[in-house]
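Please view the sequence and the structure together while reading.

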Amino acid sequence: MSKKAHFNPKSFTWLISLAVMIVLCVGVIVGSKAIFNLANAKYDKPVEIDFTISSTKDIDVSSMNTADFNVTSVQEGVDASGKTVAYVVKGTAVGYNADVPIETETVISADGQLVCSVQVLKQEETEYLGVRIAEPTFTDQFKGRIFPLKARGDSTQGSPIDLIAGSTISSKAVMEAVNNAQGFVAANLAQPEAQQ
């Protein structure tokens, strides 16, 4: 004779176990989201830039790993007292028009943590769409952003940048050039105590 498991309607331990598991799962999900939001809060809004560059001077980068970051030249920016406050990094990235690289100039705080400004110096991207990467409506959103930068909607940690609809390859290329400029500064020049 085979024994069959039977359900005892008077036993509610299974129901209590199920309720406890549901409450724990919801707690983990809500807690994880809260921790994620707290960790990413510093990336949500631009930071105030509290210094002014009075002058710049060229830095000899010939012995540095410029090719790893597509960097073409770097200048040191100093304030009125002569203190290094930023680096002006020129670099390139490949956009939609792979034949002509996009040339950018990124100003990064001396500690390598903050974007001060971004300019697209040269580009030959698609007419009407890709060319918009050089417009202030796109480049101004980089100002005051904490590194790393990411495309809005990307689930990784970083400051969100709105890509240009219909021109994501071009706008991602600019974002890549800015992140590369920061990578170069962090690897070669950053002064951690500069902005403390």
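Are Phe69 and Phe184 buried or exposed? Phe69 is buried, and Phe184 is buried as well; buried denotes under 20% relative accessible area, exposed over 50%, and partly exposed the range in between, with a 1.4 Å probe and protein chains only. The model is predicted: local features need pLDDT of at least 70, side-chain atom pairs count only at pLDDT 80 or more, and totals for chains, interfaces and linings use all residues. Residues are numbered from 1 along each chain as its sequence is written, and side-chain values use heavy atoms, with hydrogens and water left out.

**Overall architecture**

- The protein contains four helices and seven strands, taken as DSSP runs (helices H or I, at least four residues; strands E, at least two) and numbered from the N terminus.
- Their order along the sequence is α-β-α-β-β-β-β-α-β-β-α.
- Of the 196 residues, 39% are buried.
- Among contacts (heavy atoms within 4.5 Å) with a separation of 6 or more, 54% are between residues 24 or more positions apart.
- The accessible surface is about 11,900 Å², and carbon and sulfur atoms hold 57% of that area; the areas come from the Shrake-Rupley method with a 1.4 Å probe, and for residues only the protein chains shown count as cover.

**Aromatic pairs**

- The whole structure has two aromatic pairs, where rings of Phe, Tyr and Trp (its six-membered ring) pair if their centres lie within 6.5 Å, and planes under 30 degrees apart count as stacked, over 60 as edge-to-face and the rest as tilted.
- Phe69 and Phe184 have ring centres 6.1 Å apart and planes at 75°, so this pair is edge-to-face.
- This pair connects distant parts of the chain, 115 residues apart: Phe69 lies in helix α2 (residues 66-69) and Phe184 in helix α4 (residues 168-188).
- Phe138 and Phe142 form an edge-to-face pair, with 5.4 Å between centres and 85° between planes; both residues are buried.

**The five-stranded sheet**

- Five strands form an open sheet in the order β1-β2-β3-β4-β5, with antiparallel pairing; two strands pair if DSSP finds at least two bridges between them.
- β1 (55-59) and β5 are the edge strands, each with a single partner, so one side of each lacks a neighbour in the sheet.
- From one strand to the next, the twist averages 25°, with axes as lines fitted to C-alpha atoms (for helices over the stretch in contact) and angles running from 0 to 180 degrees between N-to-C directions.
- Seven bridges pair β2 with β3 in the antiparallel sense; Val89 in β3 is the bridge partner of Val74.
- Five residues separate the strands in the β2 and β3 hairpin, where Gly82 adopts a positive phi near 90°.
- β3 and β4 run antiparallel and are joined by eight bridges, with Ala93 opposite Ile102 in β4.
- Eight of the ten residues of β3 are buried.
- Helix α4 packs on the sheet, where it touches β2, β3, β4 and β5, and its direction makes about 45° with that of β4.

**Nonpolar cores**

- The largest nonpolar core has 31 residues, and those touching the most other members are Val74, Tyr87, Val89, Phe142, Leu149, Val174 and Val178; such a core is a set of buried Ala, Val, Leu, Ile, Met, Phe, Trp, Tyr and Cys residues joined through side-chain atoms within 4.5 Å.
- Helix α4 gives the most to this core, eight residues.
- Not counting residues up to four places away in sequence, Val74 touches several residues, including Ile59, Tyr87, Val89 and Phe184.
- A second, separate core has ten residues, among them Ile49, Val107, Cys116 and Ile146.
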